[in-house]
Amino acid sequence: MGVVHDLFEVLWRDYLAITPQAEQVAQLLTKRGEVIINDHIALRTFAHDRVDIEVLDRAFVDGGYEPIESYAFKDKHLVACHYEHAEPGMPKVFISSLLLDECSPKLREIAHSLVKQIPIGLEADWRFASSGRTWPLDSKTYETLLEESQYAAWLAAFGYIANHFTIAAHSLKTVTSLTELNDVLVAAGLPLNDTGGRIKGSPEAGLEQSSTMAASIDIQFLDGIKSIPSCYYEFAYRHPKPDGSLFQGFIADSATNLFTSTDHGKGDPAP
Ligand code: NI
């Protein structure tokens with residue numbers, strides 16, 4: 001249990017270091033008297049035996065997290081799983097992986113070569129999810145990946161860190177909708193991601209989400225420093241289900257409850 005808390009601390013520290021907006025958002029909301037609750041963190045990996053979701057989730061599962069629901073994002077060639085902890089206040093953990101079998105031979109080859117360079121045994125370490133990038137990368141390889149998959153390019157450039165943290169917007173006291181929160185953020189000069197609409201999901205689906213535009217930061221590649229987008233900060237507004245409890249899942253092309261099969265319908269995925 002203590003280990004999971006330590007892991008979250010490291011993930012948060014590393015995320016803050018490359019996501020300047022996170023601090024800005026936190027200050028803005030704290031000034032309004034808000035207490036920030038983390039809804040979920042998102043981690044990314046390749047569907048590869050050595051680093052698959054079941055490898056990345058180990059430290060969390062050992063710390064008491066349980067897999068709740070699995071998801072498929074067909075167009076993005078991703079699968080994912082979300083985990084919850086029985087202790088109140090613990091954020092959900094959302095881990096996705098890129099289905100390499102559905103990618104081009106070139107992308108697959110690059111991904112395999114990156115994974116091969118992870119130090120032996122690191123994947124078994126409890127800090128693996130926060131181990132960062134342990135392979136050398138040149139900017140041309142990054143660009144090649146970017147042409148096919150933003151997801152793969154981001155993972156290649158940053159490695160194992162949190163892709164995003166997510167504020168539980170429904171638990172804020174000074175706003176009553178995600179639109180209201182978005183307006184507060186924009187008014188404070190924080191750029192939001194408007195691609196495909198500012199708000200993804202809907203009250204009917206149980207979840208609305210928005211996020212900042214990831215700021216670009218300088219990354220050291222083998223052939224020099226290049227400025228590329230890092231992480232974004234996400235905002236999740238969860239709505240009550242017919243039984244009155246808050247919807248706790250995520251929106252995907254298809255979702256499978258790991259205990260009983262349910263279908264949450266279609267929506268705009270935000271893996
Ligand atoms: Ni998310």
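In sequence, the donor residues of the nickel ion are spaced H-x123-H-x69-E, where donors are N, O and S atoms within 2.8 Å of the metal (3.2 Å for Na, K and Ca), and sites may look incomplete since water is not among the atoms. The model is predicted, so local features need pLDDT of at least 70 and side-chain atom pairs count only at pLDDT 80 or more, whereas totals for chains, interfaces and linings use all residues. Residues are numbered from 1 along each chain as its sequence is written, and side-chain values use heavy atoms, with hydrogens and water left out.

**The nickel site**

- His40 (NE2), His164 (NE2) and Glu234 (OE) coordinate the nickel ion at 2.0 to 2.1 Å.
- Because His164 belongs to strand β5 and Glu234 to strand β10, the pair ties together parts that are 70 residues apart in sequence. Helices (H or I, at least four residues) and strands (E, at least two) are DSSP runs, numbered from the N terminus.
- His164 counts as buried at 1% relative accessibility, and Glu234 is buried with a relative accessible area of 2%. Buried means under 20% relative accessible area, exposed over 50%, and partly exposed in between (1.4 Å probe, protein chains only).

**The sheet**

- Strands of a sheet pair through backbone hydrogen bonds, either parallel or antiparallel.
- An open sheet of 9 strands has mixed pairing and the order β6-β7-β10-β5-β1-β4-β3-β2-β11; two strands pair if DSSP finds at least two bridges between them.
- The edges are formed by β6 (200-202) and β11 (254-257), each with a single partner strand, so one side of each is left without a neighbour in the sheet.
- From one strand to the next, the twist averages 25 degrees. Axes are lines fitted to C-alpha atoms, for helices over the stretch in contact, and angles run from 0 to 180 degrees between N-to-C directions.
- Strand β1 (residues 38-46) pairs with strand β4 (residues 92-98) in the parallel sense over 7 bridges, and Leu43 stands opposite Ile95 in β4.

**A hairpin**

- Strands β8 (residues 216-221) and β9 (residues 224-229) run antiparallel and are joined by 6 bridges.
- The hairpin passes from β8 to β9 through 2 residues, and Asp218 stands opposite Ser227 in β9.

**Helices α1 and α2**

- Helix α1 (residues 2-18) lies across β1, β2 (65-73), β4, β5 (164-168) and β10 (232-238), at about 105 degrees to β5.
- Helix α2 (residues 20-31) packs on the sheet and touches β5 and β10, its direction making about 45 degrees with that of β10. Contact means heavy atoms within 4.5 Å.
- Which residues of α2 are buried? They are Gln21, Ala22, Val25, Ala26 and Leu29.
- These residues cover an arc of only 135 degrees around the axis, which puts them on the same side of α2. The arc is that of the directions from the helix axis to the C-beta atoms.
- The buried residues of α2 pack against α1, β5, α8 (178-187) and β10.
- Just after α2, Gly33 takes a positive phi of about 90 degrees.

**Helix α8**

- Leu178, Leu181, Asn182, Val184 and Leu185 are buried in α8.
- Seen down the axis of α8, its buried residues fall within an arc of 160 degrees, so they line one face of the helix.
- The cover over these buried residues of α8 includes α2, β7 (207-211) and β10.
- Gly189 follows α8 and has a positive phi, near 90 degrees.
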